Structure formats: structure tokens, C-alpha cells
Amino acid sequence: MSILTLQVGQCGNQVGHALLARLASSPDDDGCLPDEYFRTLAANGKPPVARSVLVDMEPKAVQNCRNKARQEGTFSYRKGTLTKQEGSANNWAFGYHVQAVCCEEQIMKDVQSEVEHMDALMGIHVVHAVAGGTGSGVGSRVLEALRDTFPSTSLVAMSVLPIETGEIATQHYNSLLTLAHVQQVADACVALDNTTVMQDCRRAKLGSPQRGVLMTGDAETVSFDEVNGAISLLGVNGYLGGAAFSEAPRRVRLLDDFVRAVAPVPCRKFASLFGATATTADSLGSWNAVLQNLSRQSPSCAACPSLLTIRGPLEKRKAGLSKVDHADPSSLFGDRCKLATGKLYAAGAGSASGPRSSGAFLAVNSKHPVAGKLSFVASRVAEMLSCDAYLHHFQRYGLEKDDCEAALTIAHQVVKDYNAT
């Protein structure tokens, strides 16, 4: 059973590479690489090939991924990738109506070629950002094509949301249009806020990590590599890394079980990730601190679909699991956060400093912070639409005001559904 990764746009390629690099550096308990994400070459001494398709409308990000993989030596990429030279002009309409129309057939050929190397396709993971042109516009079209081609396969998007005070004037349009498409075609979406991740990285540098991401260097500046590393730590430990259900002796069907756990209701598909690592997880006392840290980070809500992962070497994992009521993971959080449909994973091969870290990681689908972020984006777009601000940039490539208003309607309905819980 295999998972196909699509890395779309500059951010999607950078974050996607960080995820695959962490997975390739973190073998399972038996010392094997997670073959869901890599196909192993038979006895030729070459690194395994990622089950991944790289897409960007500029060649630099894709080439950087290839170069990094070659330097790291833990895995490699397939020969075929799709790049162009002109970019997508930070414009959803140009990416969706122009670039993707030219490239969609070749992208899907690359996808089919990679799927042919699999015994069975278990899920598709699309990594992209929503603020620019390629990750948003091309990414939206790719998601639609994947849904049409693989209607019964779990389709999960990792969508990186922009800094609210970003420099792209059209980023709110791009974000709204993309998230509306994600809501319509994906089975679940892991929404990662760049602002929050960067703040967490700064806190970690100052010695008070909120998500267990240990950083070094100047606390005033956070590099893209540090942000990508923080995202990959949450992604791999929170839902992409191998695990087994604590209450059943079977390995997790990664994306299938993730969708069932965090997005059981089609009208609410957006999940957030939280994590707390254990630097010394040998005692119940240290696990108490880890779980309390995670509890402080998690949103306060009455009931929310969730997935809790306890990760670490076997003896340390048992210490953490002993603090969890298997039938009711919400016992970790008391009345403050009741995980009504919560699922619990138990996973190994972790260490305090390793790629998969000992600790507790939570994927939770609640109105905080998703509804607030989406409501903010929708309000900014509504303000701009009221005076047709920047609309001509999209109309020249085939997007009309009615399309933006339709996306607004979807966003308002999503916010309404979340606020009703």
C-alpha cells in the first residue's frame, strides 16, 4: 500500500522535500524505510526513489529539491518532473486557467506513471501553499484532476497559509479561491499557518518551545529551512509517520485512517497540528509535562474530531500510554478539550533528537484556529470586492467577480458550520 506525494509550487516543493527527508531519515522499528512513500531499488546500492511528483512553473525550487536529495543521499526523485520558466505571477487565475490548462495532461501522465510502480494506491498527499500563483491556482486544478481520476482514494491536502501581513496584494484572493476548492474536492486538509509556525520557531529559539521544535541561532530571524523543519516535524510525527492503533494490533492505513479520525463530516475538513516532544521521556513525570504542554496548545472546544499520536521507543512509549485512557483520549485534556471521536496511535522509532521525536502529537479539527483564519480572509476579500480592488488582475485570465463571490459563499458556509459546533 503506497502514498503518492505531489509537491506543487515553490513552498510545496520545499515543505514536501522536508517531509520526505524526515521520513527517509526515520526508519520503522524494524529498521526499514516507510515503503508507503518510497520504492526501493533492488540491490544496486542506490537510494530509494520517492513516490513523488514535483510540479512548479519555475525550475529553481524543483532543482533545489533534487540537489538537496543528492547531497543528503537518503532518497532520490524520479527522473520526470514538470517545470516551466515564467512562474504564475502570484495570480490564482493565471495558475488555474492558463498554466494548469497547459500542464494538466502531463502532470496526470506523471502521476499515472508513478502509480504504475505501486502494488496499490492507498492515498494521495498534495503539499502546496495558498498565497502565490502556482501552489494556489495550479494546485487547485491538480486537486480537481486527482479527484476525478481517483474518486475513491483518500485525498489529503497540506495547505500552508500565508502571513497575514504578507507582501502579495492578491494573496487573500488566492487563499480564498484555493481553500474553497480544497473544501470541495479534498477529503481532509491540514491547514498550517505560516505566522504561527514562525512564532513557534522564535519561541523555541528563546528557550520556551510551544511545539517541541528545538532551534539554534538568532532568535530574531527564522529561516525557511527552520520553518520547513518545524512543519515536517509536526507532519511526520502527527499523521504521516508509520504507527499502529493502540487498541488494535494492526498498522495504521495512514491517510485513510487520518481522514476517518479528523474529517468524518464533509462540511468540516480543516485540521490543525499540535505537538510536544519529550526530551527525557523515561518517567511518568516527564510525560505529564509533555501532555500538559500539548493540552495548553490545543484549542478549547466542546467536541472535535481528533487524532492523538504517542510516539517514541517502546519503553518510553509505554510510559506515555500509561497516562492515556485508551477508550477515551480526551481524558488527557479534561473538560477543556473533549475529543469526541478521538483516535489514538502508538508509534515507535523515536528519540528526543531524532527525525521522529518522542512525544505527543495531536491533529484536531475544531473551529479554532480554522474558522478565525478563514473568516479573516473572507472579510478582506469582501472588502476588496466591494470596490473591485485588484479584480482586473484576475479578470484578464478568465476569472469573474461571480467566481470570487461563489468562493466567498463557500467560505462563509464553512465558518458557519464550524461555529455551529
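**A close look**

Modeller: Glu226 is buried, because its relative accessible area is 15% and buried means under 20% (exposed is over 50% and partly exposed is in between, with a 1.4 Å probe and protein chains only). This is a predicted model, in which local features need pLDDT of at least 70 and side-chain atom pairs count only at pLDDT 80 or more, while totals for chains, interfaces and linings use all residues. Residues are numbered from 1 along each chain as its sequence is written, and side-chain values use heavy atoms, with hydrogens and water left out.

Glu226 belongs to helix α7, which covers residues 224-240; helices (H or I, at least four residues) and strands (E, at least two) are DSSP runs, numbered from the N terminus. From there the Glu226 side chain reaches the backbone nitrogen of Ser223 at 2.9 Å. A polar contact is a pair of N or O atoms within 3.5 Å; within protein, one must be able to donate a hydrogen and the other to accept it, and residues adjacent in sequence count only if both atoms are side-chain atoms.

Another part is a pair of helices. Helix α3 (residues 92-115) and helix α4 (residues 134-149) have axes that come within 7 Å and cross at roughly 45 degrees. The angle therefore makes α3 oblique to α4: under 35 degrees counts as roughly parallel, over 145 as roughly antiparallel, 65 to 115 as roughly perpendicular, and the rest as oblique. The crossing of α3 and α4 is right-handed. Residues making the contact (heavy atoms within 4.5 Å) include Trp92, Tyr96 and Met108 of α3 and Val138, Arg141 and Leu146 of α4. By class, the contact of α3 with α4 has eleven nonpolar, eight polar and three charged residues.

Some loop residues remain. Asn90 sits in the loop between β5 (82-83) and α3, and its phi is near 50 degrees, a positive value in a residue other than glycine. Asn90 counts as partly exposed because its relative accessibility is 38%. Tyr390 lies in the loop between α11 (367-386) and α12 (391-395). Phi of Tyr390 is near 60 degrees, also positive in a residue other than glycine, and Tyr390 is partly exposed at a relative accessible area of 36%. Ser25 is in the loop between α1 (9-24) and β2 (38-39) and is partly exposed, at 36% relative accessibility. From C-alpha to C-alpha, Ser25 and Phe75 are 9.0 Å apart in space and 50 residues apart in sequence.

How values were computed:
Axes are lines fitted to C-alpha atoms, for helices over the stretch in contact, and angles run from 0 to 180 degrees between N-to-C directions. A crossing is left-handed if the near helix is turned anticlockwise from the far one by less than a right angle, and right-handed if clockwise. Ala, Val, Leu, Ile, Met, Phe, Trp, Tyr, Cys and Pro count as nonpolar, Asp, Glu, Lys and Arg as charged, and the others, Gly among them, as polar.
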